[in-house]
Structure formats: structure tokens, C-alpha cells
Amino acid sequence: MKITFLGTGTSQGIPIIGSTHPVCLSKDSRDKRLRVSILIEWSNYKYVIDCGPDFRYQMLRAKCQRIDGIIFTHEHSDHVLGFDDIRPFYFRQGDIPIYAHKRVFKALKKRFDYVFATKNKYPGAPTVLMNRIKNKPFVLQDLTVVTIKGMHDGLQVFGFRFNDFAYLTDMKTVKDREVEKLKGVKILVVNALRIEPHRSHFNLEEALNFIKRVNPDKAYLTHISHLLGFHEEVEKTLPENVFLAYDELQITI
């Protein structure tokens, strides 16, 4: 299984438009972060988790010519606004499977009503195959995916476990029974927004405490803002099995 970090930034990305914050001015490519998303590949399959505003460029940068589907963690703009850019995949492949909570489908239908039109549909609009996710395992091809339910302030979001790999973003609280689903995972990805506490995201301390609860072999931090600090400096302070993810990083399990 191969994971490509398409984006590791928070909702505004890094650099933020017009910002003169030192991290936004960094020359280190690892400090330049598109909106958060990953590409996960196994056997001959390719799935994307979330498609935010940078989706088009992320697909070009990753030289991704085909996807077997998109899995959504939740419906916030930085996770769905690239939805229209699935059109090239649709034109080549046909209907695109998408996987999401029923609430996410409702939001997508409101924002991208033309995709879901049943009458007089515009010929250039893509068509999707909706697969509703509940808080129980579901099957993608030859792999069973385990859902991890968490809270993003007052909004329920999903993380996902793919065998020995788990991906969680935009988490603030996760109940013990959900953490149990992660036991034995080898690689964990989890959000760490900044140093200071935040109402809807793990800060660095909370993310590290969560990693201790799960106890993976390795962990990677994502959904990072400029307020976490410079990549090079922050990584020196982390436990030996915890790393900052960065755009275009690839890991293999």
C-alpha cells in the first residue's frame, strides 16, 4: 500500500494569501502546504480522501490519471471544493464512486446541484455513484475499511483505517470505543493544527497524546497551519516515531 500526501495544510494553506508571517515566507518546500488530502493506492486501485480547492493541481502534480473513487471525511470547504474537478476522470472513466456520510451528500447536492440533477442535466457535468458511509466497516474492492468517528467541534467527522494504516483529520475529540478500532495500526496520520489550543482541532500536545493512546509504530502529523512553526524546527522536537508530513511525501506499508 502506498500513500501520497497530496496536501498537508489547513483551510487557508501555507503560505496564506498576503501573509508576512515567517513560516509563510519560508523557502523550505516542506513549509508550503496545499489543503489536506491523500492518495491511497493498493493492488491496482487508487482512492483519494477529500478533494479540496487544490484538487486539480494536486492531481496534476501527482500525475494521477485515474481514480477509483473519492472518500470524504466531512463537508467543509477545504475538503470538498475541488469536487467539480473530477470531470476529466468522469470523461475518461465514466461514473465516479464517492463515499460519504449522508450529511455530506446533502451539502454536495446544495453546492454542486448540477452534478446531481435528474432532469435536463448539463452534458458536461459529471455523474457520481453515491455510497453512504455509516459508522461501521465498508468494502472498497478487496479491502475492508474501518470507520473512526470523531468530533470536529460540534460536527461529526470520519477517519478511516485501511489494514495497518489509519488516516484521521479535523479531529478534536475521539471516544475510547473509537480509539479501540485503531489498536495495532502500524502507521497513523492525525491532525495537529498549531501549538495553542483550538476549538475544533487537535493542537500539537493533543495530537501527541492521541498518538500515545493509539501507540502506532509511526505517526505523521497533517492539517498543519503556519502557527505550528517551521517544519525543520518542529520535527526536531517530536518523539522519535512521530514526523511532520509534507506535500508529496510518499510512504509505503
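Predicted model: local features only at pLDDT ≥ 70, side-chain atom pairs only at ≥ 80, totals over all residues.

Modeller: Helix H4 itself spans residues 102-111, and its buried residues are Val-104, Phe-105 and Leu-108. They lie on the same side of H4, because the arc they cover around the axis is only 100 degrees. The spacing follows a general rule: an α-helix has 3.6 residues a turn, so residues three or four places apart point the same way. On the face of H4 turned away from the buried side, the exposed residues are Lys-106 and Lys-110.

Elsewhere in the chain, an open sheet is built from seven strands in the order E7-E8-E9-E10-E11-E12-E13, with mixed pairing. Its edge strands, each pairing on one side only, are E7 (138-140) and E13. From one strand to the next, the twist averages 25 degrees. Within this sheet, E10 and E11 run parallel and are joined by three bridges. Tyr-167 stands opposite Val-189 of E11.

Helix H6 lies across E11, E12 and E13, and runs at about 155 degrees to E11. The largest nonpolar core has 28 residues, of which Leu-168, Leu-188, Val-190, Phe-210, Ile-211, Leu-221 and Leu-238 touch the most other members. At least two residues of this core come from each of E9, E11 (187-191), H6 (204-214), E12 (218-222) and E13 (242-244). H6 supplies the largest share, six residues. Val-190 illustrates the packing: leaving aside residues up to four places away in sequence, Val-190 touches Leu-168, Phe-202, Ala-207, Phe-210, Ile-211, Tyr-220, Leu-221 and Thr-222. A second, separate core comprises 26 residues, including Val-36, Ile-38, Phe-138 and Ala-245. In soluble globular proteins, nonpolar side chains tend to be buried together.

The cysteines come next. The count of disulfides is zero. The sulfur of Cys-64 is 12 Å from the closest cysteine sulfur, that of Cys-51, and is therefore too far away for a bond, the cut-off being 2.5 Å.

Finally, the backbone has some points of note. Most residues other than glycine have a negative phi, and most peptide bonds are trans. The peptide bond from Ile-14 to Pro-15, however, is cis, with omega near 5 degrees. Pro-15 belongs to the loop between strand E1 (2-7) and strand E2 (37-42). Positive phi values, near 55 degrees, occur at Lys-63 and at Asn-163. Lys-63 is in the loop between helix H1 (55-61) and strand E4 (69-71), and counts as exposed at 71% relative accessibility. Asn-163 is in the loop between strand E9 (155-162) and strand E10 (165-167); with 48% relative accessibility, Asn-163 counts as partly exposed.

Technical notes. Residues numbered from 1 in each chain as written. Heavy atoms only, no water. Helix = DSSP H or I, 4+ residues; strand = E, 2+ residues; numbered from the N terminus. Buried < 20%, exposed > 50% of the residue type's maximum accessible area, 1.4 Å probe, protein only. Arc of directions from axis to C-beta. Core = buried A, V, L, I, M, F, W, Y, C linked by side-chain atoms within 4.5 Å. Contact = heavy atoms within 4.5 Å. Pairing = 2+ DSSP bridges. Axes fitted to C-alpha atoms, helices over the stretch in contact; angles between N-to-C directions.
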